[in-house]
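Look over the sequence and the fold before reading on.

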Amino acid sequence: MPETMTAGLLGDVMAELAVLEDPKMREANEKRGDDHGVNLSKLRAVAKRLKTQQELARELWATNDTPARLVALLICRPKAFECDELDTMLREARAPKVHDWLVNYVVKKSPHAEDLRVAWTADPDPVVASAGWALTSERVAKKPAGLDLPGLLDTIEAQMKDAPDRLQWAMNHTLAFIGIEHPEHRARALDIGERLEVLKDYPTPPNCTSPFAPIWINEMVSRQATA
């Protein structure tokens, strides 16, 4: 698409997102660290209409505007990004929703996912490291071959209790997935969860499963047994 056409479309999309901004929704989102007030169903509708447009996605990302970046992540081609580009994007993605969508909708579909998982897990920035652990959870559940599950449990046991919130949350997911998907490590995963008590008192809505690993593991294993 010619640059002038993309630029005109960029302006149209930004204007549309501005109209969708709801001050009350922004106030609620900001309590979770997300600096936007756009209903995500309406945002998804915008992206669905635009369909896949990689160059527009890059221009939307470059605006540094959270709703624009969320649209960018929905209309991009995940496999079109280079490894270094994804690393830069993650370090720029400080809003939790942008971070989550980037990891789940783009990086997980990238041929660079494993290289980034290894690099990010060891990164000193806890937000970057949390992305590495999110990718690790994905591998624990879907492609565990080659992973050192006892080693992961060692790291979780030593570091999760005192980890910053987002990193702690991601490590807890890995702990739960190990317990759910790998019966041979379930007893140890349950024991670590019980002793560390991470997210034990997390407020959980009715009909939702607690993120406290022992409850989560036992609930999912029970469901698998009755499926």
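Which residue forms a salt bridge with Asp-191? The partner is Arg-195. The model is predicted, and the distances below are computed from it.

## The Asp-191 pair

In the bridge between Asp-191 and Arg-195, the closest N and O atoms are 2.8 Å apart. That falls within the 4 Å cut-off for a salt bridge. Both residues sit in helix 12 (residues 186-196). They are 4 residues apart there, so about one helical turn separates them.

Asp-191 is partly exposed, with a relative accessible area of 36%. Arg-195 is also partly exposed, at 43%.

The structure holds 19 salt bridges. One of them joins Arg-58 and Glu-85, with the closest N and O atoms 2.7 Å apart. This pair links distant parts of the chain. Arg-58 lies in helix 4 (residues 54-62), and Glu-85 lies in helix 6 (residues 83-92). The two residues are 27 residues apart. Arg-58 is partly exposed, with a relative accessible area of 28%. Glu-85 is partly exposed as well, at 24%.

Arg-139 forms a salt bridge with Glu-114. Their closest N and O atoms are 3.0 Å apart. Here too, distant parts of the chain are linked. Arg-139 is in helix 9 (residues 126-142), Glu-114 is in helix 8 (residues 113-121), and 25 residues separate them. Glu-114 is partly exposed, at 30%.

## Cysteines

How many disulfides does the structure hold? The count is 0. Take Cys-76, which is in no disulfide. The nearest cysteine sulfur belongs to Cys-83 and is 15 Å away.

Cys-76 is buried, with a relative accessible area of 7%. Cys-208 is partly exposed, with a relative accessible area of 48%. Exposed would require over 50%, so Cys-208 stays in the partly exposed class.

Key: Residues numbered from 1 in each chain as written. Predicted model: local features only at pLDDT ≥ 70, side-chain atom pairs only at ≥ 80, totals over all residues. Heavy atoms only, no water. Disulfide = S-S within 2.5 Å. Buried < 20%, exposed > 50% of the residue type's maximum accessible area, 1.4 Å probe, protein only. Salt bridge = Lys/Arg side-chain N within 4 Å of Asp/Glu carboxyl O.
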